[in-house]
Amino acid sequence: MGIQLVDSYSMGHFMIGLLSFPLLSKFKLPIYTNFLLSNGLHLYIEFIENNTTLDGKILETNKNHIGDIICFLIGWGIGYFYNISIPDYLFLFVFFFVVFVTYKEITQEL
């Protein structure tokens, strides 16, 4: 939600990308499925977001969408590279946190 390539929301995209890898890994999905599900869903969300308000004010530019996608992808890549895992006792918290943040972004942007 911004004009620049990287903005204050970029860290959030990075963190959710970082959490998405170990979260989907708990379901024992193959790496390519994990990648396609998490990054594909994020890409879809970025594509359906409104870029302007009804009165024409710019909310988000294509440059910012690209930055958000890159930050998410870097987060996912770091999660994969370092094989980050989520302890069982934190799984439900992380799961609902990621679902909540994703839901909030979808409803805020549409």
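A nonpolar surface patch of about 850 Å² is formed by L5, V6, I66, I70, I74, I78, F81, Y82 and I84. Patches of this kind consist of residues with over 30% relative accessible area and no salt bridge, in which nonpolar side chains (Val, Leu, Ile, Met, Phe, Trp, Tyr) are joined within 5 Å. Accessible areas come from the Shrake-Rupley method with a 1.4 Å probe, and for residues only the protein chains shown count as cover. Buried means under 20% relative accessible area, exposed means over 50%, and partly exposed lies in between.

The model is a predicted one, in which local features need pLDDT of at least 70 and side-chain atom pairs count only at pLDDT 80 or more, whereas totals for chains, interfaces and linings use all residues. Residues are numbered from 1 along each chain as its sequence is written, and side-chain values use heavy atoms, with hydrogens and water left out.

**Helix α1**

Helices are DSSP runs (H or I, at least four residues), numbered from the N terminus. Helix α1 covers residues 10–25. Its 16 residues should span 22 Å at 1.5 Å a residue, and the end C-alpha atoms are 23 Å apart, which agrees; the expected span is 1.5 Å times one less than the number of residues. Of the 16 residues of α1, 12 are buried, so the helix is largely enclosed by the rest of the structure. Among these buried residues are S10, H13, F14 and I16. The cover over the buried residues of α1 includes α2, α3 and α4.

S10 belongs to helix α1 and is buried, with a relative accessible area of 3%. Leaving aside neighbours within four places in sequence, S10 is in contact (heavy atoms within 4.5 Å) with L5, D68 and C71.

**Side chains reaching the backbone**

A polar contact is a pair of N or O atoms within 3.5 Å; within protein, one must be able to donate a hydrogen and the other to accept it, and residues adjacent in sequence count only if both atoms are side-chain atoms. Two such contacts are listed below.

| Side chain | Backbone atom | Distance |
|---|---|---|
| S10 | nitrogen of D7 | 2.9 Å |
| T61 | oxygen of I3 | 2.7 Å |

T61 is found in the loop between α2 and α3. Not counting residues up to four places away in sequence, T61 touches G2 and I3.

**The salt bridge**

A salt bridge is a side-chain nitrogen of Lys or Arg within 4 Å of a carboxyl oxygen of Asp or Glu, and by this rule the count comes to 1. The side chains of K26 and D88 meet in this way, at 2.8 Å from N to O. The pair links distant parts of the chain, with K26 in the loop between α1 and α2 and D88 in helix α4, 62 residues apart. K26 is partly exposed, with a relative accessible area of 31%, whereas D88 counts as exposed at 65% relative accessibility.

**Positive phi angles in loops**

K28 is not a glycine, although its phi is positive, at about 55 degrees. K28 is found in the loop between α1 (10–25) and α2 (31–48) and is exposed, with a relative accessible area of 73%. N83, a residue other than glycine, also has a positive phi, near 50 degrees. N83 lies in the loop between α3 (62–81) and α4 (88–109) and is exposed, with a relative accessible area of 56%.

Definitions and conventions:
Helix = DSSP H or I, 4+ residues; strand = E, 2+ residues; numbered from the N terminus. Buried < 20%, exposed > 50% of the residue type's maximum accessible area, 1.4 Å probe, protein only. Patch = residues over 30% accessible without salt bridge, like charges linked within 9 Å, V, L, I, M, F, W, Y side chains within 5 Å.
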